[in-house]
Amino acid sequence: MVRRNRRRSKSIYILAAVLFGIAIVAIAYFATQGLGDGSNSKAYPLSVLPQNPVLGSKSAQFAIFEFGDYQCPTCDYWFKTQEPSIVQNLVDTGKAKLVWRDFIIYNSDSRLAASAAYAAGEQGKFWQFHDLLYTNQGQANSGWVTTKLLISFAQQLGLNVTEFTQSMNSGKYDSLIDSNFQAGQQAGVQGTPTFFVVGPTGKYVTISGPQPESVFEQAIVSLGGG
Amino acid sequence: MSTAIALLFSFMFLYFDGFYFVSPYLVAYIDSSRFSVLLLDVTISAFSGIVLTLSAYEISSLQVRTAGYRHTGLVGVVVAFLAGACPCYYLVPLLAVAGGAGGALATLGILFYSYQAPIKFSSLGLLLLTAFVQERTLRAACKVPVKVGG
């Protein structure tokens with residue numbers, strides 16, 4: 001009986017050690033996957049289309065595509081903690097441009113928010129509206145995205161509210177939103193936020209999740225950004 | 001063994017909570033506003049290691065069973081897993097896509113995310129309770145009987 005119990009204890013210890021070892025190996029494997037030599041051989045399905053909002057110089061060598069949802073809390077977290085320094089150090093310096101692509105994963109409020117942002121973009125205020133959406137983000141799928149709120153943002157930004165409302169409700173951005181989602185799926189987006197740092201030769205590095213600015217800088221270096 | 005389990009749980013929880021990333025590079029990032037979450041994750045991991053180890057010892061070595069509290073410990077570990085996995089940026093979208101953007105699974109994922117703090121505190125409470133009871137049980141079971149004789 002004692003011997004059997006000792007054998008069982010030993011098995012448990014061995015199992016724990018094996019599980020721990022698997023975890024270490026898995027982490028090491030994934031850590032080496034995206035090592036930034038930019039040699040991803042897949043042809044990238046991403047390109048900056050005329051209707052894609054671009055922050056920064058359109059002639060910047062590197063493009064950072066962000067696939068996000070305005071109701072996504074981790075997108076909001078990244079917006080508040082990392083985007084300011086990325087804009088300051090990479091976008092404003094002309095090294096990279098930030099390109100927004102919708103990847104709607106929550107309910108129809110996300111689509112309404114996205115349409116509103118594009119409607120604001122018609123009057124030259126896409127990124128300001130985008131910032132207001134994240135700054136005032138509520139709980140996902142809670143109904144915080146209301147027409148009243150969106151119109152208040154438009155008023156805050158000094159937009160023509162009539163034109164803004166008509167454009168927002170017209171449905172004309174549905175195909176753009178859908179095509180962004182399809183592009184994201186093609187590129188392998190599995191969650192939000194997901195970023196693609198694309199270099200001048202078309203090679204790219206995928207950055208999944210709300211990762212810090214240093215990762216983006218390293219990605220640019222690995223793609224030949226120096 | 002409890003250290004190994006605690007480390008394993010820590011690796012998982014900290015990854016799910018976005019304190020480190022492994023692709024494209026291994027990078028750790030701790031925002032000062034989330035230090036309390038980090039502490040909570042590490043504490044839950046530590047107690048999960050203790051409870052699981054004590055449970056394993058009870059199962060393998062002792063005749064005494066505290067079935068009810070052992071189940072409590074396992075519930076604590078399961079709840080800790082759920083809460084730890086909640087904020088995972090890919091879990092909620094996966095649930096949303098699997099269940100349809102407005103579906104029940106997406107709602108469940110959002111609920112877990114929104115209430116992750118009370119869920120994690122509850123699991124910590126369950127783990128603490130179980131660890132306390134297990135410690136007392138094992139202490140009683142391992143007591144060397146005092147022989148009274150001449």
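Visitor: What share of the contacts in chain B with a separation of 6 or more comes from residues 24 or more positions apart?

Guide: Such residues account for 71% of those contacts in chain B, a contact being heavy atoms within 4.5 Å. This is a predicted model, in which local features need pLDDT of at least 70 and side-chain atom pairs count only at pLDDT 80 or more, while totals for chains, interfaces and linings use all residues. Residues are numbered from 1 along each chain as its sequence is written, chains are lettered from A and ligands numbered from 1 in the order in which they are written, and side-chain values use heavy atoms, with hydrogens and water left out.

Visitor: What makes up the secondary structure of chain B?

Guide: Chain B has six helices and two strands, in the pattern α-β-β-α-α-α-α-α along the sequence. Helices (H or I, at least four residues) and strands (E, at least two) are DSSP runs, numbered from the N terminus.

Visitor: Why is Ile30(B) called partly exposed?

Guide: Its relative accessible area is 48%. Buried means under 20%, exposed over 50%, and partly exposed in between, with a 1.4 Å probe and protein chains only; Ile30(B) is therefore partly exposed. Ile30(B) lies in the loop between strand E2 (27-28) and helix H2 (35-61) of chain B. In chain B, 45% of the 150 residues are buried.

Visitor: Which residues make the nonpolar surface patch of about 310 Å²?

Guide: Ile30(B), Phe35(B) and Leu39(B) make that patch. With its 48%, Ile30(B) is over the 30% limit. Areas come from the Shrake-Rupley method with a 1.4 Å probe; for residues, only the protein chains shown count as cover.

Visitor: Why are strand E1 (54-55) and E5 of chain A called edge strands?

Guide: The open sheet has five strands in the order E1-E3-E2-E4-E5 (chain A), with mixed pairing. E1 and E5 each pair on one side only.

Note on methods. Patch = residues over 30% accessible without salt bridge, like charges linked within 9 Å, V, L, I, M, F, W, Y side chains within 5 Å. Salt bridge = Lys/Arg side-chain N within 4 Å of Asp/Glu carboxyl O. Pairing = 2+ DSSP bridges.
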